[in-house]
Amino acid sequence: IADLLIGLDITEVSTYHLTNKETQTTCMNSKSECIDIINPKSEEYNVLRNQLLPSLLEVIKNNKHNEYPQKIGEIAVVFPTEKGKHHEETRLAIAIADTTASFTQIKQLSDAICSSLGITCSTKEADHPSFIPGRVAKLVINGKELGYLGELHPKVLKNFQLEMPVTALELNLQELNKIKDN
């Protein structure tokens, strides 16, 4: 998949597993649970990330002075909490910051990734607090919801001090690999 991203003109980035709760929740307009670090040395790194997208938005925020479009992606481990249980999973996240960023653009990118892997994916209407209502969807592969994509909500962009529209996707690669192997 990393080679595929290169072919799709996505620059691969690598960010930390540790982050802060505000970036993972408040900045993303979300109330998701995070795994707290006991006795953190810094408030900047007080939780394990539960999603990749906030880390990508931090990269874009720190590179606002560079030319657009900015197309970045990361394949890495996250530590989501579901129904009070912690686990880890490998995900792919992509963020595109550009004046022409749109739902259609990120949907076409997800279709290209799935097609290259020989997998059929579809989208399902969704609500997600980090995205603009009506411009967000769940990614569905073989009947399983494996991620989401869409246009980021203006509130999220403001929280990350971004002035450019951003579209993004995040996909569970572990589940995708299980489907692909069957």
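Helices (H or I, at least four residues) and strands (E, at least two) are DSSP runs, numbered from the N terminus. The model shown is predicted, so to speak of local features a pLDDT of at least 70 is needed, side-chain atom pairs count only at pLDDT 80 or more, and totals for chains, interfaces and linings use all residues. Residues are numbered from 1 along each chain as its sequence is written, while side-chain values use heavy atoms, with hydrogens and water left out.

**View 1. Gln51 lies in the loop between β4 and α3 (53–62).** The relative accessible area of Gln51 is 6%, so this residue is buried (under 20%; exposed is over 50%, partly exposed in between; 1.4 Å probe, protein chains only). Its side chain meets that of Tyr148 in a polar contact of 3.1 Å. Such a contact is a pair of N or O atoms within 3.5 Å; within protein, one must be able to donate a hydrogen and the other to accept it, and residues adjacent in sequence count only if both atoms are side-chain atoms. Neighbours within four places in sequence aside, Gln51 is in contact (heavy atoms within 4.5 Å) with Gln24, Met28, Ser32, Val78, Arg91, Tyr148 and Glu170.

**View 2. Helix α3 is largely enclosed by the rest of the structure.** Seven of its 10 residues are buried. They are Leu53, Pro54, Ser55, Leu56, Leu57, Val59 and Ile60.

**View 3. Seven strands make an open sheet with mixed pairing.** The order is β1-β5-β8-β12-β11-β10-β9. β1 and β9 are the edge strands, each pairing on one side only. Two strands pair if DSSP finds at least two bridges between them. Strand β8 (residues 89–97) pairs with strand β12 (residues 166–172) in the antiparallel sense, over seven bridges. Ile96 has Thr167 in β12 as its bridge partner. Helix α3 packs on this sheet and touches β5 (70–78), β8, β10, β11 and β12. The direction of α3 makes about 35 degrees with that of β8; axes are lines fitted to C-alpha atoms, for helices over the stretch in contact, and angles run from 0 to 180 degrees between N-to-C directions.

**View 4. A hairpin of five residues joins β9 to β10.** Strand β9 (residues 121–125) and β10 run antiparallel, joined by five bridges. Ser122 stands opposite Val140 in β10.

**View 5. β2, β4 and β3 form an open sheet of three strands.** The order is β2-β4-β3, with antiparallel pairing. β2 and β3 are the edge strands; each pairs on one side only. Two bridges join β2 to β4, and these strands run antiparallel. Leu18 stands opposite Leu48 in β4.

**View 6. Aromatic rings in pairs.** Rings of Phe, Tyr and Trp (its six-membered ring) pair if their centres lie within 6.5 Å; planes under 30 degrees apart count as stacked, over 60 as edge-to-face and the rest as tilted. The count by this rule is two aromatic pairs. Tyr16 and Tyr45 pair edge-to-face, at 5.9 Å centre to centre and 85 degrees between the planes. This pair links distant parts of the chain, 29 residues apart: Tyr16 is in the loop between β1 (11–12) and β2 (18–19), Tyr45 in the loop between β3 (35–36) and β4 (47–48). Tyr16 counts as exposed, at 62% relative accessibility. Tyr45 counts as partly exposed, at 31%. Phe131 and Tyr148 also pair edge-to-face, with 5.5 Å centre to centre and 70 degrees between the planes. They too link distant parts of the chain, 17 residues apart: Phe131 is in strand β10 (residues 131–141), Tyr148 in strand β11 (residues 144–152). Phe131 is buried at 1% relative accessibility. Tyr148 is buried at 12%.

**View 7. The structure holds zero disulfides.** Cys27 is in none; the nearest cysteine sulfur belongs to Cys34, 11 Å away. A disulfide is a pair of cysteine sulfur atoms within 2.5 Å. Cys27 counts as buried, at 9% relative accessibility. Cys114 is also in no disulfide, and its nearest cysteine sulfur, that of Cys121, is 3.1 Å away. Cys114 is buried, with a relative accessible area of 3%.

**View 8. Ser115 is in helix α4 (residues 103–116).** Ser115 counts as exposed, at 55% relative accessibility. Ser115 and Ile141 are 26 residues apart in sequence and 12 Å apart in space, C-alpha to C-alpha.
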